[in-house]
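Notebook open, viewer running. I want to go through this one residue by residue and jot down what I look up.

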Amino acid sequence: MKLLRYGEKGQEKPGLLDEQGILRDLSAHIPDITGATLGAETLASLARLDPASLPRIEGEPRIGPCVGGVGKFICIGLNYADHAAEAGMAIPAEPIIFNKWTSAICGPNDAVEIPRGSQKTDWEVELGVVIGKGGRYIDEANALDHVAGYCVVNDVSEREWQLERGGTWDKGKGFDTFGPLGPWLVTRDEVADPHALDLWLEVDGQRYQDGNTRTLIFKIPHLIAYLSRCMSLQPGDVISTGTPPGVGMGIKPTPVFLKPGQTMRLGITGLGEQSQITVQAD
């Protein structure tokens, strides 16, 4: 299934995208798409529904973040060997973990704000993993059983605040609107191999990122097992697994960064596309 949330910010309703590309409303069956509704039993009951029996969503509503009420937005740094090389950083021996604040989460096509004074706002297309079954000390062999589904993430980053102003990466990663999620949460059963997905990103029609999840350094089962040793993973948590080469910071000889009025377009095979216009933060 391709699950989604639609409507005005803070008032999103649950829905799904049927095989004909028609948006269908799920409000009669679940209150929202959150950790509370991402368990295996609920997903199985939704999968038994006939999409044609569900009300059609008319018009062109705003698509919200594909998961609501996210508790933790956990990110993995330098998880593609070729991206580490373009950043001039060593391949990590263990996963690099940082956080995006949940206030950064926005819809896949919402505007992305360039922070006040920013000269180094950058893009990063990433595969998001949404937890459906919580746990601690999860065995790697069973780790994918804890996944509800996958989604597209744009890990928007302000490089000065991330790398030049001391402290942790979190500062440059967590500005408002720096975490578009969606458009769909694609359930695990529809993704045959999450380590064989093309992912790409364009700015104003120019392709900058063109990668594949097969080159992940730390694969998804390892990440889930590793993270669950550091913290309990809970339903609705989002793990953003890293970005392939082609970020603005790595462009030679002169890095390229975002300015207000540009359009980012990005996507992952089978998981849909996002499109954001950049605007100056008030």
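**Thr278.** I started with Thr278, which counts as buried because its relative accessibility is 1%, against a cut-off of under 20%. Keep in mind that this is a predicted model. I found Thr278 in strand S18, residues 272–280. Which residues does Thr278 touch, leaving aside neighbours within four places in sequence? I listed Val112, Ile114, Leu258, Lys259, Pro260, Gly261, Gln262 and Met264.

**Whole protein.** Then I zoomed out. I counted 5 helices and 18 strands. Buried residues make up 55% of the 282 residues. I checked the radius of gyration: it is 18 Å, which agrees with the value near 19 Å that a compact globule of 282 residues would have. The C-alpha atoms fill a box of roughly 55 × 45 × 30 Å along the principal axes. Of the contacts with a separation of 6 or more, 74% are between residues 24 or more positions apart. The accessible surface comes to about 12100 Å², and carbon and sulfur atoms own 49% of that. I also looked at charge: the mean positions of the 26 positive and 37 negative charges are 3 Å apart.

**Cores.** Which residues have the most contacts inside the largest nonpolar core? I noted Tyr150, Ile224, Ile268 and Leu271, in a core of 44 residues. The elements that each supply at least two residues of this core include strand S1 (2–6), strand S9 (125–131), strand S10 (147–154), helix H5 (220–230) and strand S17 (263–268). Another core lies apart from it, with 27 residues, among them Leu3, Leu43, Val67 and Trp169.

For Ile224 itself, skipping residues up to four places away in sequence, I wrote down Val129, Ile131, Ile138, Ala143, Val147, Leu233 and Ile239.

**Val147.** Next I took Val147, which lies in strand S10. Buried or exposed? Val147 is buried, since its relative accessible area is 3%. Besides Ile224, Val147 touches Val129, Val130, Gly132 and Arg188, again not counting residues up to four places away. I checked the pair Val147 and Val130: 17 residues apart in sequence, 5.9 Å apart in space, C-alpha to C-alpha.

Last, a look at the backbone. Most peptide bonds are trans, and most residues other than glycine have a negative phi. I noted a cis bond from Gly182 to Pro183, with omega near 20°. Pro183 sits in the loop between strand S12 (179–180) and strand S13 (185–187). Lys252 and Pro253 are also joined by a cis peptide bond, omega about 0°, and Pro253 is in the loop between S16 and S17.

For positive phi I wrote down Leu78, near 50°, in the loop between S4 and helix H2 (81–86). Leu78 is buried, with a relative accessible area of 7%. Thr177 has phi near 75° and lies in the loop between helix H4 (170–173) and S12. At 9% relative accessibility, Thr177 counts as buried too.

Key
Residues are numbered from 1 along each chain as its sequence is written. This is a predicted model: local features need pLDDT of at least 70, side-chain atom pairs count only at pLDDT 80 or more; totals for chains, interfaces and linings use all residues. Side-chain values use heavy atoms; hydrogens and water are left out. Helices (H or I, at least four residues) and strands (E, at least two) are DSSP runs, numbered from the N terminus. The radius of gyration is taken over C-alpha atoms; the globule rule is 2.2 Å times the number of residues to the power 0.38. Buried means under 20% relative accessible area, exposed over 50%, partly exposed in between (1.4 Å probe, protein chains only). Contact means heavy atoms within 4.5 Å. Accessible areas come from the Shrake-Rupley method with a 1.4 Å probe; for residues, only the protein chains shown count as cover. Lys and Arg count as positive and Asp and Glu as negative; His and the chain ends are not counted. The place of a charge is taken as NZ of Lys, CZ of Arg, CG of Asp or CD of Glu. A nonpolar core is a set of buried Ala, Val, Leu, Ile, Met, Phe, Trp, Tyr and Cys residues joined through side-chain atoms within 4.5 Å.
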